[in-house]
Amino acid sequence: MEEIDNNDYVNNLDDIDLREIFFALFKGKLIILLITSFLSVSAIIYSLLLPNLYKAESLLSPVESSSSLLNSLGEYSSLAGLVGINLPGGDSDENSKKAFEVMTSLSFFENHIMPKIFLADLMAVKSWNHEKNKIIYNKNVFDENSATWVRNFSYPQRLIPSAQESFEVFKDDHLSLEEDKKTGYLTLSIVHQSPFIAKQWVEIIFNEVNAFYREKDKMQSEKAIVYLQDQFVKTSFSEVKVVTASLIQQEIQKLTLIEANKDYVFEYIYPPSVMEENSEPSRSLIVTLFTFFGFIFSVIIVLFRHYYLKSLSKKNIEMK
């Protein structure tokens, strides 16, 4: 019987606490309403002030270098080693594996991306006028009329943004690269206030990474041809001359393939598009989160105020 009585007593205490909390919240409903409404309105204003960002996205697939020509070239290289020729060469399959790191490197941005874009579109954008398809630049950073930089800066910054400063903005605020380890597919995306510039930058990266590796392998193949021709002249062994001539032929054919293939490392599974709907910000989510946290915050304030005042009144009674 004592257990039952004790349990009833505890339950009664819980009921009293819940009623007290409900009473405190009801009493402080005006505070809850004001704080929640204030944060909700603030969230609406804040979200409307945020610029729309558009994402241009493409899915890239590594180009397979499985042609009989490139495979047979490797066999000829092995044969060349047997007759004393060390043929310089590279594995084209490795290009796509290294490309991910190259595309996110400062040197690639500085030498291949930065010269292809208008720097103010990266470092001085204020907004985008969708009706005129025109970028509005921050006048405190870039004067469009005179095409000059007017920003305030301090060391290590410069008046005209450096490659390093621009790269950090490009990498952190605009560029996104995701690799699927299973398929080897690469998702390349750019976010920008202008959907046209976002699409343009994706295409620039795609074209430049292909051109980078195509030029690299072209130079390597040309050096190999010069090297083999030199070996052909130097050797007096007919067997070596036959192998060398075959290797020169293979390298020339490889060089032809390099020149012919524009999509040398990656090809599009689907190319980027000019998006009509913005990807960021999610204004409904911002308002919902602000409203939710505003409600929680106001409830905490009301309960804290209630129990604080209650403790003060108890102390005053005890003192009397």
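Reply:
**Packing around helix 5**

Helix 5 packs with helix 7 (residues 163-174) at an angle of about 105°, their axes lying 10 Å apart. Helix 5 is therefore roughly perpendicular to helix 7, a term for angles of 65 to 115 degrees. On the helix 5 side the contact (heavy atoms within 4.5 Å) involves L106, F109, E110 and I113, and on the helix 7 side A163, Q164, S166, F167 and F170. These residues comprise six nonpolar, two polar and one charged; Ala, Val, Leu, Ile, Met, Phe, Trp, Tyr, Cys and Pro count as nonpolar, Asp, Glu, Lys and Arg as charged, and the others, Gly among them, as polar.

This is a predicted model, in which local features need pLDDT of at least 70 and side-chain atom pairs count only at pLDDT 80 or more, while totals for chains, interfaces and linings use all residues. Residues are numbered from 1 along each chain as its sequence is written, and side-chain values use heavy atoms, leaving out hydrogens and water.

Helix 5 (residues 106-113) also meets helix 8 (residues 195-234): the axes come within 11 Å and cross at roughly 100°. Helix 5 is thus roughly perpendicular to helix 8 as well. Here F108, H112 and I113 of helix 5 touch I204, I205, E208, V209 and F212 of helix 8, a set of six nonpolar, one polar and one charged residue. Helices are DSSP runs (H or I, at least four residues) numbered from the N terminus, and axes are lines fitted to C-alpha atoms over the stretch in contact, with angles running from 0 to 180 degrees between N-to-C directions.

Definitions and conventions. Helices (H or I, at least four residues) and strands (E, at least two) are DSSP runs, numbered from the N terminus. Angles under 35 degrees count as roughly parallel, over 145 as roughly antiparallel, 65 to 115 as roughly perpendicular and the rest as oblique.
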